[in-house]
Amino acid sequence: MIRGGRNYVVSAPAFSNDCKKLLVCISNTVCIFSTTTALQITSLEGHTAPVTSVIVDNASASNNNNILCFCWTASLDGTIKYWDFFSSVPHLLKSINIRFPIFNMVIPSITTKTSKSSSSSSNEVFAYLSVKDVRKQQKDGPQQIEFGKIVKCNLTKSRLSGGVVLKETKKPVVINVSPNGKYIGIRVKRKIHIWKVPEAEADRVTIKKISLCHTKNISVLAFHPTQRIVAAGDVTGRILLWRGFGDRTFSDGNRLTNENAMDEDEEKPGVRGDDDADSCTTWHWHPSKVNLLSFSEDGAYLYSGGNEGVLVVWQLDTGKKKFLPRIGSPLLHLTFSSDPLLSSISCSDNQIHMLKMPSMDILKSISGIKPACPLPENYEGSCSGVAFDYASGLVALRTENYCLQLYSLFNDREVSTALIHFKFIIRLASSMSNIYIGYFKSIEAEIFSFQVRVCERNYQPGDEITVTVNVVAFSLDGSIMGTSEEKISEDGIGGLVCLKFWIKLPNEDFTLSTIIYEPHRDAGISAIAFHPNRRMAVSSSHGGDFKIWVCKDEIEQKDEALHKPRWTCHAVGSYKKKAMTSAAFSADGSVLAVAAENVVTLWDPENNVLVGVIGQSPAPISSLTFVGNSDYLVTASPGSKPELSIWSLSNMSLSWSWKLNVEAVATSTELSYFAVLSLVPESKKCRETILEGRDGVILLFNITDPVPVAIWSVTKAKGGSLAFLKPDSSLEDLPADSQALLTYINSDHEFVVFDPYGKETNELIVTHKEGLIASEETGHYGYSSLYGELPDLDTKRNQIEWNPSVPSERPWETIFNGPSHNLPPLTKLCSAFLESLLEKRAAVVE
């Protein structure tokens, strides 16, 4: 079983003391990457819930010639663990269970290499934790409410400091610590709360606190490395700097009384009310919320970043600013290492870039799967922006910057080769067709980044989405890809639909072959499907027609320029001017099935001849597909009357059906079973009981049996995808004898790849068939599937009281009476019939 698609940027990473490793919190583990190659070296495994904080013990490097590698981790499972990750096989040295989910952790004494504990009379190490707790409501009875609180933990004695609660909040918050380890702070709505860490730490010691106020909600804060300066960013894009904070509260008491009186009489520009600060300065450049604030190591500059993807460098003394190259996505975390030439920046597109300072050149990137891209609010068409390559185990996902990311499900990383680090990024925007290929060099190897740009427009993070890639499809061998993009019109003006074919040539990856503007007049494309054996494709349209496209394989050499294959229209078809909502080829390519609203039309793709029409679904069909090499067809209809139907093409009739709200259907090209991702209605009690709060199920069917072979419950099924993949014998995490692999991607692009018939499926949440099937309504059969249900009859009119049956004296008159499906087998009927005709003789004993 392979799990992947995890979030790399949920919390800030941490560099090792030798700057050769980067520790990243990923789900329940901490993955350790090489800063030279950006490849994963090892991982810290032991937590049972997501890891929220990782802190490298910098104090351990100050007193050792050989730099050691120790770190602390905190998790939502309520544990704190201490690790030695110096070798390739990490070792767990200590584990502390505080019994509260930990959302954030800071350890002031090991923040810098100059350990405070060395100068302190106590050698104990303390951590400050942001945890979640529950309390019972007094008025409403036993109902519990959740809240957050800041507590103190003695890591040396492996216990919480009893009775020490710095503050309670409505929900857990992020704790920030100053680089010198003297202050910690949190932000709660429009206030900043700052505590001074005692120089002599103990379980019970007085901790001084101040609060600074603002007029807007604060989104991020940062401390100056040496001076009493704190910076905060708000949701409107403003940056505030309080200088000299805590001069009254945090003073050591040696200042004269008259000096304190003079300070109180002085003006405090920008400071609100009685806040303990000398001044407050406001800077404003970011148009929206500030996500990132960090001071340089010398304290001369302040770095800020937001949703626009630009890192701004502010000169602290003058307020002057300069801008570093656009990263391309909203910025979240900026992490500095002990090497002044190396840092990392985390972006919201699930990427961590290694940066060369101070030029901010990208050296390497750790790329996870891209997050789901939301559709525009005014978009009304269909969208299936996920496609699977059955042969290679790749998935194509649309992203916000008009791109498609090709991600390897088997290797859990963005597609790249081990030697030259190829990155496939196919840029799909709107109208121009120039191809741009850029090259950039890394420290050790040359990296080629291929970008096929089809629009002159540059994507700006946070801008309104005007172009969407609504359909993506691969050919069976993965050598051809088709995409459909739609530029959203404004008040009915400016809309544009483009159909594009991409060819995978040797050593050239995917290259744009053909662009067709408005392939179905002004109507959007609902589906793209490829012929299994030849270069033929079909595109269906909501406008009421479908078109068959063929590729001219001739490649001409003219003026030393290679002309790529071009696609042309082979045929056009329609059925009663109905919207064509889906299309699929049979396994041998001899039949083309196109959904025309509620019916399925069958065509000869070579001659473009209608050969048959089957079915009448209660709602328009959203997807259809053939099951392997069989003559069965699967259709799914959403809406108020959802239905999953299996049609037999041999007798042109319905085989069986279920009332299921189908989100995705997956079929195997070689096997006779298929899988369905179905949403569970919120009104169903089974969501809370049988499914344990999960909102979807995966059902595995055999085409001839309406009873599922297996059922798995899943989360985040709305917007999820399902597909079968060809097994890769080189993978160690999967059984070698698998006939096919099933992969599920949820709405957050987290995925799992497993053998549906393997023993490892027991690790998934398996649902009892009886409980789920009983909660679903049986589908229509026979007459009702074609013409609807008959009106209910009055059963009370001729109601007869039931009496127990008595054996008849003449059984041969009633033995064959009754429905045929209720009669016993013929062998039993014949023996019973013959016995009823023959007379029995009494046994004679001689």
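**A sheet up close**

Tutor: Strand β14 and strand β15 (residues 183-188) run antiparallel and are joined by two bridges. Here strands are DSSP runs of E with at least two residues, numbered from the N terminus, and two strands pair if DSSP finds at least two bridges between them. Zoom in on that pairing: V177 has I184 in β15 as its bridge partner. Now step back to the whole sheet. This open sheet has four strands in the order β14-β15-β16-β17, and the pairing is antiparallel. At the edges stand β14 (176-177) and β17 (209-213), each with a single partner strand, so one side of each has no neighbour in the sheet.

Before we go on, a word on where this comes from. The model is predicted, so local features need pLDDT of at least 70 and side-chain atom pairs count only at pLDDT 80 or more, while totals for chains, interfaces and linings use all residues. Residues are numbered from 1 along each chain as its sequence is written, and side-chain values use heavy atoms, with hydrogens and water left out.

Find I80 and you'll see I96 in β9 standing opposite.
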